[in-house]
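Biologist: Before we start, I would like to ask on what grounds each label in this model is used. Please set each value against its definition.

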Amino acid sequence: MQGIGKMGIKKIYPFGMGILLCGVFVLAAVWTAAAAVPPAEALALGRADLIVIDGLKSFGPLERPPVPFYHDKHTDAMVKQNKDCSACHETVKDKLSRKFKRVQDNSKTAVMDVYHDQCIGCHKERKSANKAGGPVTCGECHIKDAMLRSTWQAITLDKSLHYRHVKANEKKCETCHHEFNPQTKALYYTKGDEGACLYCHKKKTEENRISNRLASHQACIACHRQLAAKDKDAGPAQCSGCHDPRQQALLEKIADPPRMERNQPDAVLVKTGLKGGNPEPVTNRMRPVPFDHRAHEGYNNSCRQCHHADLKSCATCHTVQGDEEGRQVKLAQAMHQNDARNSCVGCHKQQQAEPACAGCHSSIVKGRSLTSEAACKTCHMNIPVENPYPDESSAESKSMAADLLAARKPVVETVPVDQIPETVTIQSLTHDYEAVALPHRKIVLKLAAGVKDNRLAAYFHDAPTTLCQGCHHNSPATVKPPQCGSCHGRSSEALNLTRPGLMAAYHQQCIQCHDKMGLEKPVSRECTTCHAKRK
Amino acid sequence: MSISRRKFLGWMGAASLTSAVGTSARAASNHEFKGYEDSMAVLHDITRCIGCRKCEGACNTVNDLPKPEKPFDDLTVLEEKRRTTAKAYTVVNQFGGQAPTFVKKQCNHCQEPACASACFVKAFTKTPEGAVVYNEKVCVGCRYCMIACPFEIPAYEYDEPFTPRIMKCTMCYPRITKGLLPGCVEACPTEALVFGKRQALLKVARQRIADYPDRYVDHIYGEKEMGGTNWLYLTSKPYGEVGMREDLGNTPAPKLTKGALGAVPMVVGLWPVLLTGIYAINKRKEKIAAEEQHAAVDEAVAQTNAEAEAKLAAAMEKAAQNQEAAVAREVKKALEEAAKAAAEAEAAKDEKGSDAPDGTSEDA
């Protein structure tokens with residue numbers, strides 16, 4: 001940005017002036033280096049504790065540019081002077097105010113005066129004592145077009161971090177989890193009703209509930225500070241401790257934390273909110289879907305991956321017909337929406353972007369999974385049972401879910417190796433190049449190896465030959481599929497614009513799969529890497 | 001010749017009034033050319049291009065162009081950005097480092113070609129098949145087409161001293177009229193190039209975007225650009241990042257220049273009349289002024305003359321009177337002298353007896 005700015009200036013001024021300016025810049029650069037203000041590399045990497053002071057915005061347009069402020073730098077400076085947070089933050093009802101030296105924004109001049117008097121006052125004091133201090137003149141703080149980089153990144157309380165807190169608090173969930181009683185205006189705790197902070201504490205402060213940002217800073221930092229004061233193992237209290245990506249990477253990870261204890265089911269039939277028993281009309285109803293709740297807890301990092309608004313069952317808001325509470329997103333949509341992060345199909349689709357899967361799946365038309373009957377039955381299992389629609393809260397429902405899940409068998413075996421042709425020689429297209437000997441078996445085994453331990457693949461690839469359909473698409477799954485040339489003609493033709501000719505079909509299939517799987521071969525895009533030149 | 005500010009503004013006002021009348025007449029027309037209905041086109045799916053340069057080779061062969069220095073299977077050529085030349089109707093360019101994108105460049109065969117609208121000898125023709133073809137027989141070599149083309153396609157045979165031609169892709173017009181595929185399309189091993197009716201290809205392109213929304217940018221380049229072209233593009237990266245202009249807008253080139261070029265006949269035909277008119281009016285004005293001036297002068301002169309004559313007459317009369325008076329006086333004097341002389345002679349006659357002094361004679 002700056003470079004461009006300089007060029008712009010140079011363009012405007014005559015040549016001699018340009019040289020003069022260059023000289024000035026060089027001088028300035030030398031001077032800055034000599035003055036040894038924060039190391040350039042540290043600034044270039046960015047900091048996570050950058051706060052932009054623009055509190056006066058709520059009183060109208062700013063007269064001066066907002067002030068960039070590095071919080072951790074000040075915290076460190078206070079520690080060095082044997083001061084704590086109270087040097088800058090006031091305490092109200094045992095809680096630190098997040099505002100600087102005040103509790104409320106009363107008036108424009110009052111807020112402005114707080115900053116001007118307190119900041120400059122302290123900086124001047126330091127200066128007069130001949131100690132390192134901050135800026136004292138207007139332009140040093142109110143920097144126009146300040147080019148600063150913030151590395152701030154939100155922190156998520158994932159399973160691992162949650163478990164570390166559970167352990168540290170000896171399962172006293174009430175330390176953090178609470179509810180609010182609007183009558184008594186008091187917080188209370190009910191065992192078994194815990195939920196994520198974000199369910200109540202939203203982005204902005206609402207009536208009777210503070211914003212998530214305020215809540216987490218008040219609660220987390222206060223607790224961490226108390227523990228630190230008692231010389232106990234405490235979490236970070238500085239900005240960078242939670243918000244710097246480099247620090248986040250250093251957080252201790254529990255590889256396989258125990259399940260959360262919230263009375264969640266192991267297996268459950270996906271609730272529909274419809275009456276059980278023998279409903280009318282039976283024929284219009286999909287078979288209930290057994291859901292392995294326990295397994296999915298393991299796949300995801302947080303309950304919020306699916307339970308995005310609360311921990312109730314999906315059908316509470318997403319009714320079969322759609323409801324205002326669920327923003328008219330019907331149950332079927334909530335489960336099948338292709339491009340939604342929280343839906344079953346949407347999440348499974350995201351998994352298909354993994355290199356091991358993408359080779360085949362990237363060429364499958366989006367939405368195709370919902371049009372195949374077999375795909376429906378993978379979840380809506382059609383197994384003969386006495387009462388396919390038990391009452392949702394009944395014990396019968398629970399046992400049926402477990403039974404169905406037990407009946408669902410992952411397909412782990414592949415086509416026997418001796419049934420996989422070792423090489424397939426593509427003879428029909430020889431013209432400029434020799435025929436290609438396709439290492440067919442090697443390709444199949446490579447694909448199989450990629451999904452060997454993938455449970456999602458094991459359940460949805462419902463036959464050993466499913467894998468074959470990655471290339472042998474649009475034809476029944478069999479060990480002897482029709483040849484590619486059965487559908488793809490010898491050359492591309494204007495009469496059939498949607499179906500590539502044989503040569504294009506091969507190239508598209510091979511190249512796209514190699515690309516998507518991130519394979520090292522072929523090492524170059526020269527034709528001769530795959531094809532021997534015909535003599 | 002100096003023109004006063006007032007006069008200049010007056011002329012300009014008159015001129016804009018005339019052109020404004022012209023504009024509104026055009027705006028009333030609802031004629032819009034949407035391309036030939038059954039025209040053919042090529043869909044270039046950039047995501048499928050592997051940069052093998054087979055299209056370049058095929059183009060070279062079918063068009064009998066001179067062989068380049070480096071053979072077509074030398075992919076190092078791609079390292080440099082190239083444009084079409086008089087010896088290469090099409091080039092493939094590479095964008096991005098790690099996983100490069102390849103884009104074929106050639107004439108886009110605009111539905112309303114800028115080159116054709118810039119050509120004053122009609123050397124370019126948009127055929128109903130969709131191709132924009134060039135006729136070297138009428139070309140005068142002004143190269144306006146090269147300046148007009150927003151895609152920088154037409155090239156010129158600078159090294160042909162006697163018969164230089166504009167060289168550009170013909171969409172293999174001779175081949176497609178025989179029912180063959182364009183050379184490049186036939187050679188493409190991945191069908192990154194597909195030839196078909198433009199309307200059908202637009203549907204194919206839309207279907208691809210709908211089927212693979214993650215793979216494509218939701219825009220068919222050439223569907224509307226510069227009024228639409230008969231070469232259509234699909235891409236996974238933004239078009240601006242793969243060397244394609246995104247600033248062209250959807251207005252066909254001829255429409256952009258129609259205002260200015262449409263004014264040419266008006267300028268050529270109307271302005272002389274207008275200017276002559278203004279000139280004549282001014283001339284007439286000047287003439288009248290001169291006449292008036294003459295009259296005034298004449299009148300003034302006449303008046304002055306009359307006055308002078310009157311004065312002269314008065315002076316003459318006075319002089320005459322003076323003269324008369326002088327004559328009378330002289331006459332009187334002479335008469336008196338004569339009378340005196342007569343009296344003296346009388347007295348002398350008498351003297352002979354008396355001596356009388358002669359005082360009166362001295363006084364006269």
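Modeller: Ala41(B) stands opposite Gly196(B) in β8(B). The model is predicted, so local features need pLDDT of at least 70 and side-chain atom pairs count only at pLDDT 80 or more, while totals for chains, interfaces and linings use all residues. Residues are numbered from 1 along each chain as its sequence is written, chains are lettered from A and ligands numbered from 1 in the order in which they are written, and side-chain values use heavy atoms, with hydrogens and water left out.

Biologist: How do you know that β1(B) and β8(B) are paired, and in what direction do they run?

Modeller: Strands are DSSP runs of E of at least two residues, helices are runs of H or I of at least four, and both are numbered from the N terminus. Two strands pair if DSSP finds at least two bridges between them. Five bridges join β1(B), residues 40-45, to β8(B), and the two run antiparallel, so the pair meets the definition. His44(B) stands opposite Leu193(B) in this pairing.

Biologist: What makes the sheet mixed and open?

Modeller: Strands of a sheet pair through backbone hydrogen bonds, either parallel or antiparallel. Here β1(B) is joined to β9(B) by four bridges and runs parallel to it, with Leu43(B) opposite Leu232(B), whereas β1(B) and β8(B) are antiparallel. The three strands lie in the order β8-β1-β9 (chain B) in an open sheet of mixed pairing. β8 (193-197) and β9 of chain B stand at the edges with a single partner strand each, so one side of each has no neighbour in the sheet. The twist averages 25° from one strand to the next, where axes are lines fitted to C-alpha atoms (for helices over the stretch in contact) and angles run from 0 to 180 degrees between N-to-C directions.

Biologist: Why is β1(B) called largely enclosed?

Modeller: Buried means under 20% relative accessible area, exposed over 50%, and partly exposed in between, with a 1.4 Å probe and protein chains only. Six of the six residues of β1(B) are buried, so the strand is largely enclosed by the rest of the structure. Both faces are covered: Met40(B), Val42(B) and His44(B) are buried on one side, and Ala41(B), Leu43(B) and Asp45(B) on the other.

Biologist: What makes a set of residues a nonpolar core?

Modeller: The set holds buried Ala, Val, Leu, Ile, Met, Phe, Trp, Tyr and Cys residues joined through side-chain atoms within 4.5 Å. The largest such core has 44 residues, and Phe151(B), Leu193(B), Phe195(B), Trp231(B) and Met244(B) have the most contacts inside it. Elements giving two or more residues to this core include β1, β8 and β9 of chain B. Apart from it lies another core, of 15 residues, with Ala41(B) and Ile209(B) among them.

Biologist: Which residues are in contact with Leu193(B)?

Modeller: Contact means heavy atoms within 4.5 Å. Beyond its neighbours within four places in sequence, the contacts of Leu193(B) include Val42(B), Leu43(B), His44(B) and Trp231(B).

Biologist: Why is Met226(B) called buried?

Modeller: Its relative accessibility is 6%, so Met226(B) counts as buried. Met226(B) is in the loop between α7 and β9 of chain B. Among its contacts outside four places in sequence are Pro150(B), Phe151(B) and Leu248(B).

Biologist: How do you know that Arg208(B) and Asp45(B) form a salt bridge?

Modeller: A salt bridge is a side-chain nitrogen of Lys or Arg within 4 Å of a carboxyl oxygen of Asp or Glu. Arg208(B) and Asp45(B) meet at 2.8 Å, N to O, so the pair qualifies. Arg208(B) lies in helix α7 (residues 198-211) and Asp45(B) in β1 of chain B, so the pair ties together parts that are 163 residues apart in sequence. Both residues are buried.

Biologist: What about Asp73(B) and Lys533(A)?

Modeller: Their closest N and O atoms are 3.8 Å apart, and that too is within 4 Å. The pair crosses between chains. Asp73(B) is partly exposed at 42% relative accessibility, and Lys533(A) is partly exposed at 41%.
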